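Visitor: I would like to learn how to read a protein model. Could you walk me through this one?

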Amino acid sequence: MAKVISTLFISADGVAEIDPDWHFPYFDENMGRAVTEDYDTADVLLIGRVTYDSFAGAWPDREAAGGDDAPFAKQLGDTRKVVVSRQPLEFSWRNSERIEGDLIEAVAALKADAGSKGILIPGSISVVQQLLAAGLVDELRLLVHPVAARKGRRLFDDGDTPYHFGVAATEAFPTGVLRVIYTPAAAPGKVGYADVTDQVPGAK
């Protein structure tokens, strides 16, 4: 079964709607390597409409321009892109298609496709939120910037049930960016203050 992996740039206060002013100053070769590793996990990109429009408005031209980022632009163009949109779309970027029907059912079918290597969700906050709620995200890969953005859309919306994670990997970059890979985990057993008093500083 294919993994569903979310990859996001995020601020220290949880904003995943990136602002170039606080994002690009921290982009270096380490972050480039991390992004490459994330994209190499998948042969399907699952993208929300806004993210798709942003990508399709930039990467085909960058591929055609033949600059330093042309190989990555070609990789994106060659990859199957499945777009989440409530409205019909006319695609100009190759290998693009729109999800038909229910998102959760469609992603479950993508996961079950034996021919799929993996499914990567770059950005696309609303898509990630829906799939987290449905328990369909296998890895949450965050590049946490050392900045409190203080405005913008946050990854985790309000809800009644906490999400619990295990930490699969961490890495600190010289820029201060932290790469954290989370995987879903069961909630810990119920514990109250009386259960941890022996761990309180100064306890004997």
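Visitor: Let's begin with the pocket lining. How do the residues of the lining of the largest pocket divide into nonpolar, polar and charged?

Guide: This is a predicted model, so please keep that in mind throughout. The lining of its largest pocket has 21 nonpolar, 14 polar and 7 charged residues.

Visitor: How does one find such a space, and what volume does the largest pocket have here?

Guide: The general idea is that a probe the size of a water molecule, rolled over the atoms, shows where empty space is left. In this structure, the volume of the largest pocket comes to about 1,400 Å³. It is lined by 42 residues, and Thr51, Phe55, Pro122, Gly123 and Ser124 are the closest to its centre.

Visitor: Which element gives the largest share of that lining?

Guide: Helix H3 does, with 5 residues. Other elements that supply at least two residues each include strand E1 (4-11), helix H2 (29-39), helix H5 (70-78) and helix H7 (125-133).

Visitor: Where is Asn95 placed, and is Asn95 buried or partly exposed?

Guide: Asn95 sits in the loop between E3 and strand E4 (96-98). Its phi is positive too, at about 60 degrees, and Asn95 is not a glycine either. With 41% relative accessibility, Asn95 counts as partly exposed.

Visitor: Now to helices. How should I read H7, and which of its residues are buried?

Guide: In general, an α-helix has 3.6 residues a turn, so residues three or four places apart point the same way. In H7, the buried residues are Ile125, Val127, Val128, Gln129, Leu131 and Leu132. Just after H7, Gly135 takes a positive phi of about 75 degrees.

Visitor: How many residues are in the largest nonpolar core, and which have the most contacts inside it?

Guide: The largest nonpolar core has 27 residues, and Leu46, Leu131 and Leu155 have the most contacts inside it. Among the elements that give two or more residues to this core are E1, strand E2 (44-48), helix H6 (103-112) and strand E6 (139-145). H7 gives the largest share, 5 residues. Apart from this core lies another one, of 20 residues, including Ile5, Tyr52, Trp59 and Ala73.

Visitor: What does Leu155 touch, leaving out residues up to four places away in sequence?

Guide: Its contacts include Leu8, Ile10, Ile125, Val128, Leu140 and Leu142.

Visitor: Asp38 is a charged residue. Is Asp38 buried or exposed?

Guide: Asp38, found in helix H2, counts as buried because its relative accessibility is 1%. Beyond residues up to four places away in sequence, Asp38 touches Thr7, Leu120, Arg141 and Arg179.

Visitor: To finish, how many helices and strands does the chain have, and what share of contacts joins residues at least 24 apart?

Guide: The chain has 8 helices and 8 strands, and buried residues make up 39% of its 204 residues. Among contacts between residues at least 6 apart in sequence, 70% join residues at least 24 apart. From the record, UniProt places "domain: Bacterial bifunctional deaminase-reductase C-terminal" (unreviewed entry) at residues 3-177; that span is 33% helix and 23% strand.

Terms used
Residues are numbered from 1 along each chain as its sequence is written. This is a predicted model: local features need pLDDT of at least 70, side-chain atom pairs count only at pLDDT 80 or more; totals for chains, interfaces and linings use all residues. Side-chain values use heavy atoms; hydrogens and water are left out. On a 1 Å grid over the protein atoms alone, a cavity is a set of points where a 1.4 Å probe fits but cannot get out, and a pocket is an open set with protein on both sides within 12 Å along at least five of seven lines; lining residues have an atom within 4 Å of a point. Grid points are joined across faces, edges and corners, and a volume is the space filled by probe spheres set on the points. Helices (H or I, at least four residues) and strands (E, at least two) are DSSP runs, numbered from the N terminus. UniProt positions are given in the numbering used here, feature names are shortened, and annotations may be inferred rather than shown by experiment. Buried means under 20% relative accessible area, exposed over 50%, partly exposed in between (1.4 Å probe, protein chains only). A nonpolar core is a set of buried Ala, Val, Leu, Ile, Met, Phe, Trp, Tyr and Cys residues joined through side-chain atoms within 4.5 Å. Contact means heavy atoms within 4.5 Å.
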